[in-house]
Amino acid sequence: MANTKTLVWRGNVASANAQPLLNEGIALDAMLPGTLVSQVATGLQTSVVAATVFTNRPLFANRDVMRQKNMNAAFIINESMQAVMFRSGESGCVRVINGQNITSRGVGLASNGDGTLKIAATDDTEQVLCWSDEIINTGAAIALVNVTF
């Protein structure tokens, strides 16, 4: 099945005029759109924060819209990039680790510690960053998953 997901930030259904909150920086490593990132003094890097470390609002690498690249085009080191900071109620598309069987909408997703997300533990030991907005089995590869924040 072809990848039909084309946007990281899909917007807010409550507002027709909403715009994404974007952080700009230099890519400190190669990463794909939808990857969980961290902002540091020198730029943006793939997040290695574990799900058990509770943090502020997450950032996700945006698609490179300025160069009209698609969701499978990685940012390269030292390239200018943008990351999206989602607000409550907004929807987007993020990368989820392989082997995740999301059986319903509303499944909580947490950091996998490598820029991807995974199904969150249900005992409040992991920070839920967003909730699945579709039913999907990621199978043998990392997949783009529609989510709500």
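Me: What do buried and exposed mean here?
Reply: Buried means under 20% relative accessible area, exposed over 50%, and partly exposed in between (1.4 Å probe, protein chains only). Phe60 counts as buried, because its relative accessibility is 0%.

Me: What should I know about the model before going on?
Reply: This is a predicted model, where local features need pLDDT of at least 70 and side-chain atom pairs count only at pLDDT 80 or more, while totals for chains, interfaces and linings use all residues. Residues are numbered from 1 along each chain as its sequence is written, and side-chain values use heavy atoms, with hydrogens and water left out.

Me: How is a pair of aromatic rings described?
Reply: By the distance of the centres and the angle of the planes. Rings of Phe, Tyr and Trp (its six-membered ring) pair if their centres lie within 6.5 Å; planes under 30 degrees apart count as stacked, over 60 as edge-to-face and the rest as tilted. In the whole structure, a search finds three aromatic pairs. For Phe60 and Phe86, the ring centres are 6.0 Å apart and the planes stand at 70 degrees, so this pair is edge-to-face.

Me: Which parts of the chain does the pair of Phe60 and Phe86 tie together?
Reply: Strands (E, at least two residues) are DSSP runs, numbered from the N terminus, as are helices (H or I, at least four). Phe60 lies in strand E5 (residues 59-61) and Phe86 in the loop between strand E6 (80-85) and E7, so the pair ties together parts that are 26 residues apart in sequence. Phe60 also forms an edge-to-face pair with Phe149, at 5.7 Å centre to centre and 65 degrees between the planes. Phe149 is in the segment after E13, so that pair links parts 89 residues apart in sequence. Phe60, Phe86 and Phe149 form one aromatic cluster.

Me: What is a nonpolar core?
Reply: A nonpolar core is a set of buried Ala, Val, Leu, Ile, Met, Phe, Trp, Tyr and Cys residues joined through side-chain atoms within 4.5 Å. The largest one here has 22 residues, and those with the most contacts inside it include Phe60, Phe86, Val94 and Phe149. Strand E7 (90-96) and strand E13 (143-148) each supply at least two residues of this core. Apart from it lies another core, of nine residues, among them Val37 and Met81.

Me: Is Asn23 buried or exposed?
Reply: Asn23 is buried, because its relative accessible area is 18%. Its place is in strand E2 (residues 21-26).
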